[in-house]
Amino acid sequence: MSRLIVVSNRVATNTSKATAGGLAVALQAALKESGGMWVGWNGNFEEAAQPRPEISSAGGVTYATFDLSRDDYEDYYNGFANRTLWPLFHYRTDLTAYDRRFFEGYQRVNGFFAQAVASLLKPDDLIWAHDYHLISLGEELRRRACKQAMGYFLHIPFPATEVMVTMPNHLALVRALFAYDIVGFQTESDLRNFADYVVFEAGGEITARGMIHAFGRTIRAEVFPIGLDTENFLHLAKSAEAKRYRTRINKSVGDRDLIIGVDRLDYTKGLRERLEAVERLLEDYPDNRGRVVMLQIAPASRTDVPEYIEMRHELEGVTGRINGRFAEFDWNPIRYLNRLYSRRALAGLYRASRIGLVTPFRDGMNLVAKEYIAAQDPRDPGVLVLSRFAGAARQMQAALIVNPYDTDEVVEALQRGLHMPREERRERYKTLMANLRRDDVYAWRDSFVAALEDAREDVDLDLAS
Ligand code: GDG
């Protein structure tokens with residue numbers, strides 16, 4: 001079996017630390033079994049950063065990490081990745097910033113990553129690059145004469161062509177994807193958007209075997225929906241720490257029903273509208289006043305990006321307004337927390353909640369929806385209310401699927417969830433859980449790596465001919 005080299009923007013070297021971010025959680029679980037290497041930024045700054053990775057290992061995984069310079073971080077991470085690609089790929093053209101400096105920084109840092117990776121490679125390695133930070137990595141590696149099989153997985157949505165073409169460098173970026181052998185997406189609709197772009201904007205074609213040809217290369221583009229380390233999450237939910245949190249929250253909520261939301265503080269997650277849906281629930285169904293508590297955990301992320309700072313202020317305002325309007329001396333409808341909890345604590349809080357409310361406007365997959373279900377007590381499970389715009393909705397049709405733009409629909413789903421008979425909750429839970437067990441993070445890794453191995457065979461044939 002060849003060595004797997006995973007490359008992502010950040011490397012989470014400390015498994016015990018609480019980390020927000022689905023990518024970190026999923027990759028750690030995926031690498032642990034294969035004894036692979038994880039390459040990326042260590043989170044530190046150095047004025048004249050060198051792409052000479054520092055090697056360490058823990059739990060069967062080797063880590064190769066390096067510093068970045070502050071300028072590189074500004075242009076590449078805060079700039080092109082988080083002020084251009086992130087909003088654009090989530091359909092927020094109104095928040096998308098274009099600056100040539102950002103794009104140049106992005107290409108430069110992708111080159112820097114490529115230099116670091118190239119210095120570690122053996123001929124037989126399989127390379128698996130992750131997410132919107134590293135679209136150009138494959139091209140930069142090929143430029144450095146790397147012949148290894150290379151795959152790329154996009155964790156966020158791939159937008160419709162009409163949205164994609166608003167970005168000045170769209171063609172250069174899509175061309176860069178054709179340096180990989182495999183390009184993976186979360187959902188069919190991401191794949192369809194990509195294929196449409198390639199056919200209608202880049203003059204490419206889809207060949208009979210579902211391969212895509214453009215820019216002089218044929219690559220395989222496929223759907224690989226990311227999953228959870230489901231069994232492990234189930235264990236977390238039964239741990240002593242999870243139980244402690246459950247007991248504490250049950251004590252403080254009493255016999256009221258708890259609705260939980262857990263999200264990185266991000267404008268794609270539909271947080272303001274979610275809180276307003278709870279407000280409408282109290283307005284339209286007054287029986288819920290004093291009876292329902294919304295617990296929203298929203299650790300701050302990307303705190304250097306102006307839109308995130310603004311959003312934080314906005315949410316504080318909305319929460320204050322709703323609480324001011326409905327609170328009683330012994331009850332507050334919304335508990336809004338900007339802090340990070342351990343995964344065990346989260347699992348305990350999910351399990352104590354009657355409803356998991358997950359309402360992003362766009363989301364590649366959304367692991368919180370899956371975690372909420374995995375944490376439930378099979379005898380008395382809660383109800384998941386899930387946005388149709390989360391990639392997870394494709395696999396989780398047994399949840400109550402809602403359109404987050406339609407507040408009435410969200411409110412009705414909440415009301416229905418609060419009153420759903422136990423038998424129906426158990427039926428829905430059973431269906432959802434069976435899927436989570438089958439399509440877990442290991443199935444995701446195995447199918448992607450199998451595709452990469454096939455690609456390597458093709459590379460070997462090409463080299464031999
Ligand atoms: C990207 C894509 C895709 C949140 N608060 C705390 C905490 N979290 C953890 C959750 C979950 C993770 O963060 C969030 O994952 P999501 O998948 O929901 O969202 P993104 O961070 O946007 O992830 C997404 C994902 O990549 C994987 O491909 O699903 O669509 O946008 O695991 O539990 N974790 C801890 N404390 C918190 O307070 N420990």
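**Reading domains, a sheet and its helices**

Guide: Let us begin with the overall layout: the C-alpha centres of domain 1 and domain 2 lie 30 Å apart. Please keep in mind that this is a predicted model.

Visitor: Which residues does the domain assignment give to domain 1 and domain 2?

Guide: According to the domain assignment, domain 1 comprises 4–227 + 441–458, and domain 2 comprises 230–438.

Visitor: How is the size of an interface often given?

Guide: It is often given as the accessible area lost when the parts come together. Here, about 2200 Å² is buried between domain 1 and domain 2, and carbon and sulfur atoms give 63% of this area. In terms of contacts, 26 residues of domain 1 touch 25 residues of domain 2.

Visitor: How many salt bridges does the rule find across the interface of domain 1 and domain 2?

Guide: The rule finds 1 salt bridge across this interface. As for R83, this residue forms a salt bridge with E307, with the closest N and O atoms 3.9 Å apart. The rule requires a side-chain nitrogen of Lys or Arg within 4 Å of a carboxyl oxygen of Asp or Glu.

Visitor: Let us turn to the strands. In what order do the 6 strands of the open sheet stand?

Guide: In general, strands of a sheet pair through backbone hydrogen bonds, either parallel or antiparallel. In this open sheet, the order is β13-β12-β11-β14-β15-β16, and the pairing is parallel. Strands β13 (334–337) and β16 (400–402) each have a single partner strand and stand at the edges, so one side of each is left without a neighbour in the sheet. On average, neighbouring strands of this sheet are turned by 20 degrees against each other, direction ignored.

Visitor: Over how many bridges do β15 and β16 pair?

Guide: Strand β15, residues 383–387, pairs with β16 in the parallel sense over 3 bridges. For V385, the bridge partner in β16 is L400.

Visitor: Which strands do helices α10 and α13 lie across?

Guide: Helix α10 (271–284) lies across β11, β12, β13 and β14, and runs at about 175 degrees to β12. Helix α13 (367–374) lies across β11, β14 and β15, at about 170 degrees to β15.

Visitor: Is helix α12 mostly covered or mostly uncovered?

Guide: Helix α12 (343–351) is mostly covered, with 7 of its 9 residues buried. Among the buried residues are L346, L349 and Y350. The buried residues of α12 pack against α8, α9, β11, β12 and α13.

How values were computed:
Residues numbered from 1 in each chain as written. Predicted model: local features only at pLDDT ≥ 70, side-chain atom pairs only at ≥ 80, totals over all residues. Heavy atoms only, no water. Pairing = 2+ DSSP bridges. Helix = DSSP H or I, 4+ residues; strand = E, 2+ residues; numbered from the N terminus. Axes fitted to C-alpha atoms, helices over the stretch in contact; angles between N-to-C directions. Contact = heavy atoms within 4.5 Å. Buried < 20%, exposed > 50% of the residue type's maximum accessible area, 1.4 Å probe, protein only. Domains from an automatic or database assignment. Buried area = accessible area lost by both parts, 1.4 Å probe.
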